[in-house]
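Notebook open, structure loaded. I want to go through the fold, the core and a few side-chain pairs, one entry at a time.

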Amino acid sequence: MLRKLFFLVAIFALACPVVSAQGTTEGTVLVWKFKKGETIQYKDTYDMNVQVAMPMGARNISLNMIAIRNMTVESVDANGMATIKVKFTSMKINMNAGPGKTVSFDSAKPGDLEKAKSDPQMGQFMGLLNKEFTIVVDQTGKIHEVKGLQKLGAGMGQSFASKEGLQGSIIELPMGPL
């Protein structure tokens, strides 16, 4: 009796997905529904640990960065393509590149802001802080254009805010039905 019950449950469990898949011919398509004037706030957290081979021996480098960015939807066209203003409002960075090579920065601390302006490593990120640039994004989250980077200055911070650098931080949805 127990064998028959187990067999029926197994058949039912295998048949349900087949029946439900046959019953629907269209899947669900996920899209962003951007609304003009809406502000989306992201908290980006990056943790990176790298070992670099050097003639004097390997060096371990670690980077922890937390950035808060606001994205305000300026406009949305009939196809759902959104023009969005992006502004990094705060950053906290801790980098350890070996003995005597530790750098910490928190944009919420006024003293850190002054130190960062004169530090070449941190100064690269200062170009992003509290300055706006624009991205153009479709309904799937794919970035088509980034405007205004030239006013942010050069360096690692600018590459972080490039089209490629930002793409991984915006959820890009599947193009077709699920």
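**Entry 1: one methionine to start.** This is a predicted model, which I keep in mind throughout. I picked Met-91 and asked what it touches, leaving aside neighbours within four places in sequence. The list I got has Ile-66 and Ala-67, then Phe-105, Asp-106 and Ser-107, and finally Phe-125, Leu-128 and Leu-129.

**Entry 2: the core.** Which residues touch the most other members of the largest nonpolar core? Met-91 turned up again, along with Ile-84 and Ile-135, in a core of 27 residues. I then looked up where the core residues come from: β1 (39-52), β2 (59-76), β3 (82-96), β4 (102-106), α3 (120-126) and β5 (132-137) each supply at least two. Strand β3 gives the most, with seven residues. For my own reference, nonpolar side chains tend to be buried together in soluble globular proteins.

**Entry 3: the overall layout.** I stepped back and found five helices and six strands. Reading from the N terminus, I wrote down the order as α-β-β-β-β-α-α-β-β-α-α. There are 178 residues in the protein, and 30% of them are buried. I also checked the contacts with a separation of 6 or more: 56% of them are between residues 24 or more positions apart. The accessible surface came out at about 11600 Å², with 59% of it belonging to carbon and sulfur atoms.

**Entry 4: salt bridges.** How many salt bridges does a search of the whole structure find? I got one. In this salt bridge the side chains of Arg-69 and Asp-44 meet, at 2.6 Å from N to O. Arg-69 is in strand β2 and Asp-44 is in strand β1, so the pair ties together parts that are 25 residues apart in sequence.

**Entry 5: an aspartate in a helix.** I moved on to Asp-112, which sits in helix α2 (residues 110-118). What does its side chain reach? I found the backbone nitrogen of Asp-106, at 2.9 Å. Leaving aside neighbours within four places in sequence, Asp-112 is in contact with Ser-104, Phe-105 and Asp-106. The relative accessible area of Asp-112 is 12%; the cut-off for buried is under 20%, so Asp-112 is buried.

**Entry 6: aromatic pairs.** I counted two aromatic pairs. In one, the ring centres of Trp-32 and Phe-34 are 5.3 Å apart and the planes are at 5 degrees, so I noted the pair as stacked. Phe-34 counts as buried, at 11% relative accessibility. Phe-88 and Phe-133 also pair, with ring centres 6.4 Å apart and planes at 25 degrees; planes under 30 degrees apart count as stacked, so this pair is stacked. Which parts does it tie together? Phe-88 lies in strand β3 and Phe-133 in strand β5, so the pair joins parts that are 45 residues apart in sequence. I looked up burial here as well: Phe-88 is buried at 0% relative accessibility, and Phe-133 is buried at 1%.

Notes:
Residues numbered from 1 in each chain as written. Predicted model: local features only at pLDDT ≥ 70, side-chain atom pairs only at ≥ 80, totals over all residues. Heavy atoms only, no water. Helix = DSSP H or I, 4+ residues; strand = E, 2+ residues; numbered from the N terminus. Buried < 20%, exposed > 50% of the residue type's maximum accessible area, 1.4 Å probe, protein only. Contact = heavy atoms within 4.5 Å. Areas by Shrake-Rupley, 256 points an atom, 1.4 Å probe, with all protein chains shown as cover. Core = buried A, V, L, I, M, F, W, Y, C linked by side-chain atoms within 4.5 Å. Salt bridge = Lys/Arg side-chain N within 4 Å of Asp/Glu carboxyl O. Polar contact = N/O pair within 3.5 Å; in protein donor to acceptor, adjacent residues only side chain to side chain. Phe/Tyr/Trp six-rings, centres within 6.5 Å; stacked < 30°, edge-to-face > 60°.
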